[in-house]
Structure formats: structure tokens, C-alpha cells
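Subject: Handing over the two-chain model

Hi,

Here is the structure I promised you. Please open it next to this email, and my notes follow below.

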Amino acid sequence: MSVYLPVAEISTNGFLLVVLGVMSGFLSGLFGVGGGFVMTPLLVFAGIPTDIAVGTQSCQLVGTTLSGALAHWQKRQIDIRMGLVVIIGSFTGTFCGVELFKWLKQTGALDLTITLGYFLLLGSIGTMMIYESWRSLKQKPTMLGVTGQEKSAHEPLGANWPFLMDFPASELRISVLAPIGIGFVCGVMVAIFGIGGGFILVPALFYLLRMPVGLVNGTSLFKVIFTTGFTAILQATMTHSVDAVLAFFLLLGSVGGAQLGARYTERLRPELARFLLAVLLLIVAIKLFYDLVATPHSLFSLTMLFP
Amino acid sequence: MIRRWLLLLLFFCAAPLPALADDLVADLSAHVIRVTTGFTGATLIVFGSMDVPADVAIVVEGPMGQATVRQKSRPFGIWLNRDSFVFDNVPGYYAIVSSKPVNELVAPYIVDANGLSLDAIHFEMADGADAVKAALFRKALIERRMARGLYREVPNGAHILSNRLFRAAVPLPANVPIGIYTVHIYLLHEGKVLASQTMSMSVDEIGFSAAVHQAAEFNSFFYAIATLAMALIMGGGSACLFHKLGE
């Protein structure tokens with residue numbers, strides 16, 4: 001089924017878009033991430049211009065993560081207070097990140113920073129997670145579906161810092177600076193790499209703040225709704241790179257996929273879920289590395305602007 | 001007397017002009033190509049009649065824009081965009097459809113003067129640009145555009161019927177840019193341009209597609225809110241639906 005995308009000004013297969021949507025939605029619901037880091041390269045591969053792919057993704061992720069977050073909400077798997085504190089940090093980070101972006105662009109180091117930085121980010125988070133989750137997978141073969149119970153022996157980040165705050169849902173008493181700081185770092189990444197920040201937030205909430213594993217995905221999705229919503233408005237008004245028809249077809253698949261993913265996550269051991277997410281991050285990192293090193297098909301690229 | 005002189009003058013002025021209007025009568029199958037939600041590309045038919053036996057070459061070009069060509073190189077072992085070149089007045093689409101390969105019909109200078117091959121397209125560039133670099137990037141621009149089916153040469157794409165009628169099919173792919181196009185029709189015979197005619201046509205978004213594009217460009221805040229609302233309703237709706245199904 002052929003669909004013409006009015007903003008991208010190209011025609012593409014609508015059925016393919018729905019299938020891509022289901023895939024990314026499933027990943028989103030399952031792992032508590034937006035899934036943009038998988039989806040954007042796939043859309044570009046399907047012939048959609050990169051700027052339209054990134055811009056439209058942000059809009060589509062709002063619906064997908066809302067769908068996933070509501071599924072978690074029904075099971076009381078979101079720490080709203082933690083989410084809101086992270087969001088405050090994240091917005092501050094995004095504003096600083098935009099300034100950093102401008103500065104990098106002036107110095108001419110932007111391309112290098114984005115490609116190398118994104119690769120290092122995905123690669124390092126993926127490697128750390130794969131190492132940790134593989135160890136816990138081997139160490140304690142726990143029962144299926146034991147969520148909300150698993151807590152680490154280490155102290156959470158910010159337990160001894162000033163400005164302590166209670167997070168009753170997570171049964172944590174930590175400094176408000178810790179989640180704000182994590183949100184800030186995610187926000188900077190959002191501005192520089194154009195991602196939702198879920199795949200940074202999920203391991204940060206779990207490893208650094210020691211949040212109960214059952215609350216991590218829902219809280220991350222809750223945060224990503226707001227960051228991507230804000231990004232979507234910026235993209236639509238400043239760069240005109242949101243294609244509503246493309247968003248519609250992606251959403252058609254992804255909102256259902258997110259529900260399935262959020263339901264399936266209970267049947268998956270948390271260590272295994274982290275292991276699979278880590279594998280996915282590493283696959284994307286390897287693909288990025290390959291693109292950086294392998295001799296490209298054509299050394300030239302072309303962008304055209306029509307007045 | 002003066003009248004006669006004027007007539008004579010007119011005769012001498014008019015004589016070298018190759019195009020006598022009656023030699024060539026042509027039209028297009030459509031002056032507006034409509035791009036709707038189901039658009040998968042179109043074929044523009046250029047047809048007409050000629051007074052004398054000749055060959056035809058048709059050039060379709062449009063809309064004009066600015067092209068930035070970037071070249072990747074490998075400074076630290078990784079491929080990055082390092083060098084770039086900007087061309088102005090670049091047609092987004094360019095096709096030459098002819099009844100025979102153009103270089104068999106006319107001399108190279110006529111090909112160049114009338115843009116009858118992709119190598120003859122004239123792009124504007126900044127004053128004092130490096131000519132060697134410009135040639136390299138120009139070649140890359142044409143090659144990239146050809147790879148997307150937006151620049152093409154179709155020798156033998158025009159058909160001549162009984163030396164009097166011609167008909168040519170110009171393929172417009174699904175990714176054809178929106179805008180105003182110019183169609184040039186040339187009658188070529190014995191190495192000369194016998195007659196030519198120029199027409200315009202446009203590729204326009206129609207209906208829903210046009211409304212979406214208009215809103216995205218000119219009403220972007222409203223568009224942003226509407227698109228977000230769509231995302232939220234679809235996300236929320238599916239959560240409700242699955243919740244009900246689960247019960």
C-alpha cells in the first residue's frame with residue numbers, strides 16, 4: 001500500500017511503516033526506552049530523509065511512550081515523583097545542551113562529536129549493562145516475574161548528599177540532586193544527539209539510584225513522554241521536520257506494540273530484559289562503528305533546498 | 001517606399017530565426033500533475049505534430065533550488081563530511097527524452113547551448129570558485145540525482161509516427177519535487193534546430209496532502225499541537241482498548 005508523505009515529499013509503503021511501528025513500540029514497552037535509536041536508522045534505510053525521520057520520531061514517541069506508560073500505570077509501576085524530578089533536571093539539561101550544540105557547531109567539531117559521542121555512549125552503556133546483567137543472570141536464577149523486589153547491596157547515589165527527599169513509591173530517601181543530575185545529563189544528550197534519553201535513564205535509575213526494577217521502565221517512559229513532546233513541538237515549529245502522515249502510520253503500529261511490550265515485560269526476568277536491551281544497544285553501536293569505518297558506497301551526499 | 005524597406009528589413013530579421021511557429025505544435029497530457037495521498041509517480045506525455053520530417057528532443061526541468069554537495073573523507077580513520085560545495089539555480093528534476101541519442105542528431109555546441117544532455121545543465125556557483133573542485137562536485141551532484149531517478153536521459157524515448165506526429169513519455173518518479181516545471185520541445189533535423197517551443201507545467205500537492213503540508217509550513221504551532229494531540233489520542237486510546245480487552 002503506497003502512501004505519499006506530504007512533508008517528506010516522497011512516497012513509501014504504508015504497511016512497512018506499520019510493521020516498523022509495531023517493532024519499535026514493542027521494544028519501547030518491553031525495555032522502557034523510546035526506541036528511537038533503533039527506529040531512526042531503519043526509517044533512513046527505508047528512504048526517509050534523516051531530518052524528517054528524527055523530527056517525526058519525536059512526535060510518534062509521545063504516543064508510543066504514553067501508551068506504554070499507561071499500561072505500567074495500571075499496574076502501579078511508575079514513581080511519578082521521581083519522574084517529575086528527573087523531568088526538571090532534563091529540561092534544564094536540554095537548554096544547556098542546545099547552547100553546547102551551538103558552540104560545537106561554531107568550533108566545527110559537531111559532526112565528529114555527534115558520530116563518535118553517540119557511538120561511545122551506546123557502546124559503553126551497552127558493554128556495562130551486558131557485563132552486569134550476564135553476571136546476575138549466572139549468579140541467581142530467580143523465579144520468573146519477581147519484580148519490585150530486587151535491590152542491590154550498594155548505597156544509592158545521593159544517599160548522603162544534602163536536600164534529602166522521600167520517594168515513597170521507590171522506598172528511597174535520597175538527595176533531590178541525584179535524580180536532577182541524572183535528568184540533566186539525559187537532557188544534554190537529548191539536545192545533542194536528538195534522542196529521547198530512555199536508554200540512558202533506564203540503567204541510570206537502576207544502577208545509580210537503585211530504584212526497584214519494576215518501577216524503572218514505567219518511570220522512564222513517563223519521563224520520555226515529556227521530553228519527546230517538548231522536542232516534537234520544537235521540531236515542528238523550528239525545523240518543519242514533522243510529517244503527520246508518517247507519524248500516523250508509525251503510531252498505528254507502535255501504540256499497539258507498546259501495549260504488547262509492556263505486558264510481555266512481566267514474563268521476562270529483569271536481568272534477561274537488561275541483557276537483551278544491552279545486546280540491542282551493542283548491535284546499534286556496532287552498526288554505527290561499521291558506518292564510520294567502512295568505505296561508503298558513495299563519498300558524496302546531496303541536500304537540496306527549494307525556496 | 002518606406003513601407004517596402006521596412007518589410008524587407010523585417011524579412012531579413014525574421015529569416016535567420018529557426019522557429020516558425022507553424023512548424024511545431026505540441027501539448028502536454030497534463031499541465032498540472034496532482035500529488036495525492038496515494039501518489040506513486042506519474043508519466044507526462046508530450047505530444048504534437050510537425051510540418052517537416054525531423055527528430056525531437058524534449059527537456060523537462062524544474063523546480064529551481066540550492067544544492068549542497070558534501071564529500072566524505074577519512075581524517076582519523078573514520079568517515080566524516082569534510083568538504084562541501086554549494087550550487088545555485090539547480091533544477092530538482094531534469095530529463096532529456098529524445099527520438100534518437102542527441103549527440104547523433106546535433107553538434108556538441110548545440111547540445112550545450114540548449115541543455116540537451118545532463119552534462120550541459122548550467123548550475124550557478126559563487127564567484128571565484130575553484131574550477132577543478134567545482135567540476136568534481138558537479139559530477140557528484142548529477143550522479144546523486146540520477147541515483148534517485150530525478151536526473152535522466154532517455155534516448156529513444158520519443159516516438160515519431162509517419163514523420164508528422166510525435167509522442168514522448170517523461171517519467172516522473174514518486175519523489176519528484178513539488179513546484180513549477182519548464183518543458184522545452186526541440187525539432188532537430190540535419191544537425192540544426194528547426195523549431196522549438198516552451199511550455200510550463202506544475203507538480204502540486206492536492207487535497208489532504210496539500211492541507212498537511214500547508215499547515216506544517218505556515219501554521220506550524222497549530223500543526224505541532226494537532227500532531228501531538230493525534231499521538232496522545234492514539235496512545236491513550238490503545239491503552240484503554242487493551243485494558244478493556246484484558247479484563
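How many bridges join β3(B) to strand β9 (residues 165-172) of chain B? Eight, and the two strands run antiparallel. Strands are said to pair if DSSP finds at least two bridges between them.

Some housekeeping before the rest. Residues are numbered from 1 along each chain as its sequence is written, while chains are lettered from A and ligands numbered from 1 in the order in which they are written. This is a predicted model, in which local features need pLDDT of at least 70 and side-chain atom pairs count only at pLDDT 80 or more, whereas totals for chains, interfaces and linings use all residues. Helices (H or I, at least four residues) and strands (E, at least two) are DSSP runs, numbered from the N terminus.

Strands of chain B

S49(B) is a handy place to begin. S49(B) stands opposite L165(B) in β9(B), and in β3(B) it is also the bridge partner of V25(B). In β1(B), L24(B), A26(B) and L28(B) make up a covered face, and V25(B) and D27(B) an uncovered one. In a regular strand the side chains alternate between the two faces of the sheet.

Where the chains meet

Contact here means that the C-beta atoms of two residues, placed from the backbone, lie within 7 Å. By that rule, 53 residues of chain B are in contact with 48 residues of chain A. On the chain B side, β4 (55-73), β5 (80-98), α4 (131-147), α5 (208-218) and α6 (220-246) each supply at least two residues. The most comes from α6(B), with 16 residues. By class, this side of chain B has 26 nonpolar, 21 polar and six charged residues. For those classes, Ala, Val, Leu, Ile, Met, Phe, Trp, Tyr, Cys and Pro count as nonpolar, Asp, Glu, Lys and Arg as charged, and the others, Gly among them, as polar.

The two chains also pair through strands: β5 (residues 300-305) of chain A and β4(B) are antiparallel over six bridges. F300(A) stands opposite Q71(B) in β4(B). L299(A) is found in the loop between α10 (270-293) and β5 of chain A, and touches Q71(B) and K72(B), not counting residues up to four places away in sequence.

Is L299(A) buried or partly exposed? L299(A) is partly exposed, with 15 other C-beta atoms within 10 Å. The scale calls a residue buried if 20 or more other C-beta atoms lie within 10 Å of its own, exposed if 12 or fewer, and partly exposed in between, with C-beta atoms placed from the backbone.

Cores

A nonpolar core is a set of buried Ala, Val, Leu, Ile, Met, Phe, Trp, Tyr and Cys residues joined through C-beta atoms within 7 Å. The largest has 141 residues, and those with the most contacts inside it are L246(A), V56(B) and I58(B). Helix α9 (residues 244-264) of chain A gives the largest share of this core, twelve residues. Domain 1 (17-206) and domain 2 (207-247) of chain B both give residues to this core, so it lies between them. Those bounds come from an automatic or database domain assignment. Leaving aside neighbours within four places in sequence, I58(B) has contacts that include V46(B), V97(B), A158(B) and I185(B). Another core, of nine residues, lies apart from it and has F300(A), A67(B), V69(B) and V90(B) among its members.

The centres of the two domains of chain B, taken over C-alpha atoms, are separated by 39 Å. Five residues of domain 1 of chain B are in contact with five residues of domain 2 of chain B.

Helices of chain A

As for α7(A), nine of its eleven residues are buried, so it is largely enclosed by the rest of the structure. After α7(A) comes R210(A), whose phi is positive, near 60°.
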